[in-house]
Amino acid sequence: MRKLQKGHDKRLIDLLSNVLYEIERYNISIEKAFVKTCSLKRCSKDSEERERLFQLTKEFIKNVIRLRCIYGDIGRKNLARIFLEGTWRDESSIEPWCIYSVPKWFYERLRELLGEEAHDLFRSIDKRVIWLRINILKASEEKIVRSLEEDGVILERDKDLWYLYKVIDSRKPLREIKAVKDFMAIPQDKASCLVVEALRPERNDKILDMSAAPGIKTSLIAMLTEDQAKIYALDISKKRLYIMKELLKKFGVKSSVDITLADGRYVPAREKIFDKTLIDAPCSSSGAIWKDPSIRLSLLKKNKIDYYSNIQKDLVREAIKMSRIIVYATCSLLPEEGELIVRSFKDQVVFERPLKKFSTGYSKYDPEGLFNRTFPHKDESEGFFISKMIVI
Ligand SMILES: C[S@@+](CC[C@H](N)C(=O)[O-])C[C@H]1O[C@@H](n2cnc3c(N)ncnc32)[C@H](O)[C@@H]1O
């Protein structure tokens, strides 16, 4: 870690403390908080310098809980200053949740669920694997892979999904890579693809995507069905649906998606029967703390889990009225947003384990092995809960 240098130290402290303020005040992602702060603080326009600042900010946000463990509840600027000085790294006599820089309750819950394995999970926190999905709606696989390799991206084909590649190395940030800028290769986590695999979408299926924006999974459904499934995509957020509309065009999805602004808990009456429904439910995103360190801070508000659990149950309840096959998934490591949600419908559905190759749910809540969970330390992916229900 760099030692603090006089001169640009004040600007850096301002930047870091402001990003932290934005995250804590508005509960937004690190990327949004950084862009907002950078526009106010006039960060360098140079893309390399900006990338360096972003990585430094990410490292800071990742360590906020740890720093507060050591130094108590001090102001954001002081926290940023101490972080930049770097001496805090020598502090080792703190509790594990402080070392992993996650909320205490979250650490304790995962220890309860996974035992010693929780340490492997938390230790994998800094080893994020980036996946690229080849988008054959835009070009052939061969052409896309060639374009990526010509741009200096070193790839390894995934052993499970033919359209997925692991990024081993890249000369430039992915957003500057031609195939990514042209939407021929889409950054999409492996677990997110597995959710769509669990749905097994087929040509001519009529599919409801209940919380669809910004449409990453919708576009994979379209790709796997060669744009031949009829997809009804709902979301409650107008802004996210707008982004989705634009993205689907860019992804080359042509005719198959009907987008509606609606609350999935009360689906508009006109389209009531579907072959399959995907519920990629809103959740705590605890399975994605590897991607976005701001989630560590949002998890401090534990009562948010109840808020999401209620919405999740309402979405499943509504889906059962309209569809025979339902895939319910969350990017969450918590059974309160996974096993416990779907099990509460056990009298109305039968469960079918979606993916034979992947881990089952937590043994305490899934003793029969009916569900799937993915984990960063096992699957090099985000932590997802995936279930499949057949309505009886
Ligand atoms: C996990 S994200 C979906 C990501 C999306 N499936 C994808 O792959 O790009 C959850 C989404 O649920 C939406 N949402 C939250 N409450 C909702 C509700 N009651 N009805 C429909 N959508 C809702 C949010 O706006 C958000 O876009």
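Now the ground rules. This is a predicted model, where local features need pLDDT of at least 70, side-chain atom pairs count only at pLDDT 80 or more, and totals for chains, interfaces and linings use all residues. Residues are numbered from 1 along each chain as its sequence is written.

Helices here are DSSP runs of H or I with at least four residues, strands are runs of E with at least two, and both are numbered from the N terminus.

Zooming out, the protein chain has 17 helices and 12 strands. Its radius of gyration is 22 Å, close to the 21 Å that the globule rule gives for 392 residues, so the chain is as compact as a globular protein of that length. That radius is taken over C-alpha atoms, and the rule is 2.2 Å times the number of residues to the power 0.38. The domain assignment, which is automatic or from a database, gives domain 1 (9-94), domain 2 (131-187) and domain 3 (190-391). Between domain 1 and domain 2, the C-alpha centres are 31 Å apart.

What about the inside? Buried residues are 43% of the 392; buried means 20 or more other C-beta atoms within 10 Å, exposed means 12 or fewer, partly exposed is in between, and C-beta atoms are placed from the backbone. The largest nonpolar core has 109 residues, a core being a set of buried Ala, Val, Leu, Ile, Met, Phe, Trp, Tyr and Cys residues joined through C-beta atoms within 7 Å. Leu16 is one of the residues that touch the most other members. Setting aside residues up to four places away in sequence, Leu16 touches Thr57, Phe60, Ala80 and Phe83, contact meaning C-beta atoms, placed from the backbone, within 7 Å.

A couple of loop residues next. Is Cys331 buried or exposed? Cys331 is buried, because 25 other C-beta atoms sit within 10 Å. You'll find Cys331 in the loop between β9 (323-330) and α16 (339-343). Beyond four places in sequence, its contacts are Cys283, Ser285, Gly287, Ala288, Glu382 and Phe384.

Asp205 sits in the loop between α11 (190-199) and β5 (206-209). With 18 other C-beta atoms within 10 Å, Asp205 is partly exposed. Asp205 and Thr225 are 20 residues apart in sequence, yet 8.7 Å apart in space, C-alpha to C-alpha.

Which residues does a cis peptide bond join? Ala213 and Pro214, with omega about 5 degrees, and Pro214 is in the loop between β5 and α12. Glu226, in the loop between α12 and β6, has a positive phi near 50 degrees without being a glycine. Glu226 counts as exposed because there are 11 C-beta neighbours inside 10 Å.

Terms used:
Two residues are in contact if their C-beta atoms, placed from the backbone, lie within 7 Å.
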